[in-house]
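Hi there,

Here is the model I promised to pass on.

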Amino acid sequence: MWTVALGFPSVVASALRGVGRAIRARAGVVALVAAAVVALDALLPPLVLSVFRAPWTFFTFNPWLKSLPAYLASPKPWSDKLDFLSRVALFWFSADGPYGAPEWGFAVDTMDVVRFVLTGLLIGVYVALWLERRAAVARGWSARVGRAGGAVGACVSVLGLSTGPCSVVGCGAPVLPVVGLAVLSQVSRVSAIAVVVALLAAIAWLGREAAQRRAMMTS
């Protein structure tokens, strides 16, 4: 156990070196993939709801955002400001229903954007590592090591585009009991955490593999 604990920092450092080299080599790929993931996270739910429920009829950015500078300059405690800003909706889509009530709605708040960007960057880093690994295989490097990390990362990359917290209205559920809403919200949060953890594990695996591969090439 003590030996494992002593070796853990070197494993982490090795994985970070591999990740850093992949990011530097394919920074454009990371940025492009991250941007695509953010766009899909924001646009895919309303597109799906438009196809299967009703076409969206309204989109807007939160008009309150024009008051953001004044709010930041107000004398309110920063703890209150940060708490409010973490929950404020930035923009939303909705579709009119037959009786005046919305058929569905999908809102994106500040924490949603943070999650979108984090997931996008993680998937971008994973893709960069995967491309580096693929290039190494093309050059004749044996791919026997690291298949598990690649498989997990591929599955999670797809999962990361379609999971995470969202409003019940945004998910398309018309009416649910209060208990059902609470359960759905909790499951949604757990799924988002699981996606991030699985992506981090796959990135660490591939990053360490990349560092080991470079060490073998230079030795």
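**What I found**

Trp64 is partly exposed, with a relative accessible area of 25%. On this scale, buried means under 20% relative accessible area, exposed over 50%, and partly exposed in between, using a 1.4 Å probe and protein chains only. Before going further: this is a predicted model, in which local features need pLDDT of at least 70 and side-chain atom pairs count only at pLDDT 80 or more, while totals for chains, interfaces and linings use all residues. Residues are numbered from 1 along each chain as its sequence is written, and side-chain values use heavy atoms, leaving out hydrogens and water.

Back to Trp64, which sits in the loop between strand S1 (58–61) and helix H3 (68–73). Helices (H or I, at least four residues) and strands (E, at least two) are DSSP runs, numbered from the N terminus. Leaving aside residues up to four places away in sequence, Trp64 touches Tyr71, Phe84, Leu85 and Val88, where a contact is heavy atoms within 4.5 Å. Ala89 is 25 residues from Trp64 along the chain, and their C-alpha atoms are separated by 9.4 Å.

**The chain as a whole**

The protein chain has 8 helices and 3 strands. Along the sequence they come in the order α-α-β-α-α-β-β-α-α-α-α. Of its 219 residues, 34% count as buried. Among contacts between residues at least 6 apart in sequence, 75% join residues at least 24 apart.

**Helices H2 and H5**

Helix H2 (residues 27–52) packs with H5 at an angle of about 140°, and their axes are 7 Å apart. That makes H2 oblique to H5. The axes are lines fitted to C-alpha atoms, for helices over the stretch in contact, and the angles run from 0 to 180 degrees between N-to-C directions. Angles under 35 degrees count as roughly parallel, over 145 as roughly antiparallel, 65 to 115 as roughly perpendicular, and the rest as oblique.

Which residues meet? From H2 the list includes Val29, Val33, Val37 and Asp41, and from H5 it includes Phe116, Gly120, Ile123 and Leu131. The residues of this contact of H2 with H5 divide into 15 nonpolar, 3 polar and 1 charged. Here Ala, Val, Leu, Ile, Met, Phe, Trp, Tyr, Cys and Pro count as nonpolar, Asp, Glu, Lys and Arg as charged, and the others, Gly among them, as polar.

Ala39 is also placed in helix H2. Ala39 counts as partly exposed, at 36% relative accessibility. Between Ala39 and Gly120 there are 9.4 Å in space, C-alpha to C-alpha, although the two are 81 residues apart in sequence.

**Salt bridges**

How many salt bridges are there? The count comes to 5, taking a salt bridge as a side-chain nitrogen of Lys or Arg within 4 Å of a carboxyl oxygen of Asp or Glu. Three of them are described below.

- Arg133 and Glu209 form a salt bridge whose closest N and O atoms are 2.7 Å apart. Arg133 lies in helix H5 and Glu209 in helix H8 (residues 178–218), so the pair ties together parts that are 76 residues apart in sequence. Arg133 counts as buried at 12% relative accessibility, and Glu209 counts as buried at 3%.
- Asp112 pairs with Arg115 in a salt bridge, with 3.5 Å between the closest N and O atoms. Both lie in helix H5 (residues 110–138), 3 residues apart, which is about one turn of the helix. Asp112 and Arg115 are both buried.
- Arg87 forms a salt bridge with Asp83, with the closest N and O atoms 3.0 Å apart. Because Arg87 and Asp83 are 4 residues apart in helix H4 (residues 78–87), they are separated by about one helical turn. Arg87 counts as exposed at 51% relative accessibility, while Asp83 is partly exposed, with a relative accessible area of 42%.

**One more residue in H8**

Arg213 is found in helix H8. Is Arg213 buried or exposed? Arg213 is buried, with a relative accessible area of 5%. Arg213 and Gly18 are 195 residues apart in sequence, and their C-alpha atoms are 9.1 Å apart in space.
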